[in-house]
Amino acid sequence: MLKKLDELRQFLPKTAKPIRLVLAASHDAHSIGAVVRAAEEGVIEPLFVGDKEKTVGLADVMQLSLKKFQFIDEQDAEQAVIKAVKLIHEKKAEVLMKGKIGTSIMLKAVLNKEYGLRTGKLLSHFALFEVETYHKLIGVTDVAMNIAPNLDEKIAILNNAVGIFNKLNIQEPKVAVLGAVEQVNTSMNATLDAALLSKMNQRGQIRNCLIDGPLAFDNAISAESARHKEIKSEVAGDTDLLLMPDIEVGNVLYKSLVFFAKAKVASMIVGATVPIVLTSRSDSEQAKFDSILLAAASAS
Ligand code: COD
């Protein structure tokens, strides 16, 4: 059982060379700090793509030197993202990281049919949280890419996340499919999808995980709450992964955990040709560093 994001280090690839990471639109202080730290620890070999003057200026304020790192100077942030994506497309690096650019601009470049990083699979966002009040790391998906996933898309999102758990040696993660209530309510679509996903899992149509749903957030993460409501479930209170009904619920939960619960988080996009470090621009340097660890661990 993983309890701390720092434990992700044990899954870093055992290759002689560090993983090559491209930071796209690099003029972001927290990203620069996280990338330099990961480089100093030998986790990655970075390539910066962005406004060099601004990026070096920010690094100077942080008393960090970027002299020994490769740099492609591109003052326009959108063009920097396109150049970064193309570098990955040409297999010049193994991990992509979002710097100071809007999420949807970054994702549109990643999805570009000509030079993007599509695999034919659905791409989705996966976040892994370390919350002081929970007994293990907990995954949350999708809080940042798929806006209102249908049932097929939820299956793909689930499979992407389960793949990451499998890489972290958790072979059968417990998945709670969230709703506002734990009974099926025909007026609440999230509960209908949750019941279908549970049944598909029981019938072996979705494998390598144990799904229960609908579960409300309290009984998904609290055994006491589940007992109180007399819910008999192997997942309730011991969830590894929370499947969100849509991006709004997911994004509010992400930010509530970070801002109210002071949780630590690592997050990335799964399903592209390479792992993509995609954090919120307001995330801390530590969150960006932990996200690099997660992406590097899943690149192995
Ligand atoms: N996986 C694979 N292919 C996809 C996906 C996906 N998740 N989403 C779209 N595509 C493909 C489609 O099949 C199509 O071929 C092409 O991409 C364009 O599809 P559209 O027109 O539906 O998508 P876009 O380009 O308008 O938008 C895609 C985004 C990912 C940009 C969009 O869904 C989005 O804005 N998501 C939310 C991002 C966001 O603002 N997050 C904020 C959280 S901080």
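Helices (H or I, at least four residues) and strands (E, at least two) are DSSP runs, numbered from the N terminus. This is a predicted model, in which local features need pLDDT of at least 70 and side-chain atom pairs count only at pLDDT 80 or more, whereas totals for chains, interfaces and linings use all residues. Residues are numbered from 1 along each chain as its sequence is written, and side-chain values use heavy atoms, with hydrogens and water left out.

**Ligand surroundings**

- The ligand has 16 residues around it, and those that come nearest are Arg118, Leu123, Ala144, Met145 and Asn146; a residue is near a molecule if one of its heavy atoms lies within 4 Å of it.
- Polar contacts are pairs of N or O atoms within 3.5 Å (within protein, one must be able to donate a hydrogen and the other to accept it, and residues adjacent in sequence count only if both atoms are side-chain atoms).
- In arginine 118, a side-chain N or O atom is 3.0 Å from an oxygen atom of the ligand.
- A nitrogen atom of the ligand lies 2.8 Å from a backbone N or O atom of leucine 123, and a nitrogen atom of the ligand lies 2.9 Å from a backbone N or O atom of methionine 145.
- On its own the ligand has 870 Å² of accessible area, of which the protein covers 60%, with areas taken from the Shrake-Rupley method with a 1.4 Å probe.
- Helix H4 (103–111) and helix H9 (247–259) are the elements that give two or more residues to the shell around the ligand, and H4 gives the most, with five residues.
- Domain 1 (5–118 + 272–298) and domain 2 (124–259) each supply at least three residues to this shell, the domain bounds coming from an automatic or database domain assignment.

**Largest pocket**

- The largest pocket has a volume of about 230 Å³, and of the 16 residues that line this pocket, Ile164, Lys167, Val270, Gly271 and Ser298 are the closest to its centre.
- A pocket here is an open set of points on a 1 Å grid over the protein atoms alone, where a 1.4 Å probe fits, with protein on both sides within 12 Å along at least five of seven lines, and lining residues have an atom within 4 Å of a point.
- Grid points are joined across faces, edges and corners, and the volume is the space filled by probe spheres set on the points.
- Two or more lining residues come from each of helix H5 (151–167), strand E10 (264–270) and helix H10 (285–299), and H5 gives the most, with five residues.

**Backbone geometry**

- The peptide bond from threonine 141 to aspartate 142 is cis, with omega near -5°, and aspartate 142 sits in the loop between strand E6 (138–141) and H5.
- Glycine 213 and proline 214 are also joined by a cis peptide bond, with omega about 5°, and proline 214 belongs to strand E8 (residues 210–215).
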